[in-house]
Amino acid sequence: MKIIFFGTPQFAVPTLEKLLTRPEIEVVAVVTQPDKRRGRGNKLIPSPVKSLAVSHSIPVWQPRRVKKHTETLNLLGQAQADVFVVVAYGQILSAEILDMPKLGCVNVHGSILPKYRGAAPIQWSIYHGEKETGNTTMLMDVGMDTGPMLLKSIIPMSLLDNAASVAEVLAKDGANLLWETLLKLEKGDIEPIAQDDSLATYAPLIQNSDYQIDWSRSALEIHNQIRGFFPNCVTSFRGQSLKVMATVPVGAEYWSELPPELQKLEKVWSSESEVSGSVGEVVKVIKGLGPVLQTGAGWLLLWQVQLSGKKGVSGWDFANGTRLATGEIIARI
């Protein structure tokens, strides 16, 4: 089976790796986003997919706008590929491109379609407190993740999972699901199923405003925001920007979902009467764990944070280093 692979970030790497291990597959070329300048040296950095392709001596095409790039369009047409595989490529494919491969364009999307169509399905599914997510393979059409579905997988999500940990699991799962999909597609053993548009939800690009923490929201809502948009959510602390990278909601309804290293939280909290304070106020500093903040509804332990210009630290190290005390207010920027 001759394949051209479209993909860019680390999420797409396991799928390409899987294809490269299969003797039945010939990856003819890889299409990925142009290199980007990053870091202090402003150096051009290749995408993770490009790095993998180059290490296997696979031709790499990097058009800025693939549907308008004549040279790339000619190469795609001349390749006579059986399938185009698309995993988090980052550009919209035109009808001209979608019609080129014999078996169609197969996309691996990191959600249980038709929920969370769009650019950031993992992040928004966590933000909305979903208990499970998954991958869907589909035949692409000109819409945004609207094509007929092929196969699905379901992955549970726990209270402390974040976008990075879920993406890692989904990337590996997606590689296996894609391989199963290709086998069945080639044999004609799969029946595409149209999506029910009435059930669709959307996962748009994340904006800077989405990272701002509003402590008047509930503890669980803030917690889901922080883990969904990991590691970029911010608040203010003594006039500085403070990234909040991990939190733990506090209360009897969460104890059963905490890992062993956080069991101390239940013992300390349950031994005292419930405390309360103003929104954003530190109501308690728990030794070895960190500060607990009052939210609009419930309490939230700061588990991992990062002050502007400094390295990330545990909530307890943060409290010690800043001499944080109960009664202090941590406010929204």
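## Strand S6 and its partners

Two strands count as paired if DSSP finds at least two bridges between them. Keep in mind that this is a predicted model. With that in hand, look at strand S1 (residues 2–7) and S6: they pair in the parallel sense, over five bridges. Within that pairing, Ile4 stands opposite Phe84 in S6. S6 also pairs with strand S7 (residues 105–109), again in the parallel sense, this time over three bridges. There, Val85 sits opposite Val106 in S7.

How covered is strand S6? S6 runs over residues 83–87 and is mostly covered, with five of its five residues buried. The cover comes on both faces: Val83, Val85 and Val87 are buried on one side, and Phe84 and Val86 are buried on the other.

## Helix H6, end to end

Next up is helix H6, which covers residues 163–187. At 1.5 Å a residue, its 25 residues should span 36 Å, and the end C-alpha atoms are 35 Å apart, so the two figures agree.

Both ends are worth a look. At the start of H6, Asn162 has a side-chain oxygen that comes within 3.0 Å of the backbone nitrogen of Ala164. After the helix comes Gly188, and its phi is positive, near 75°.

## Cysteines

How many disulfides does the model have? The count is zero, going by a cut-off of 2.5 Å between cysteine sulfur atoms. As for where the cysteines sit, Cys105 is buried, at a relative accessible area of 2%. Cys233 is buried too, with 0%. Both get that label because buried means under 20% relative accessible area.

## Thr32 in its loop

Is Thr32 buried or exposed? Thr32 belongs to the loop between strand S2 (26–31) and strand S3 (36–38). Its relative accessibility is 0%, so Thr32 counts as buried.

What does the side chain of Thr32 make a polar contact with? The partner is the side chain of Ser47, at 2.8 Å.

How values were computed:
Residues are numbered from 1 along each chain as its sequence is written. This is a predicted model: local features need pLDDT of at least 70, side-chain atom pairs count only at pLDDT 80 or more; totals for chains, interfaces and linings use all residues. Side-chain values use heavy atoms; hydrogens and water are left out. Buried means under 20% relative accessible area, exposed over 50%, partly exposed in between (1.4 Å probe, protein chains only). Helices (H or I, at least four residues) and strands (E, at least two) are DSSP runs, numbered from the N terminus. The expected span of a helix is 1.5 Å times one less than its number of residues. A polar contact is a pair of N or O atoms within 3.5 Å; within protein, one must be able to donate a hydrogen and the other to accept it, and residues adjacent in sequence count only if both atoms are side-chain atoms.
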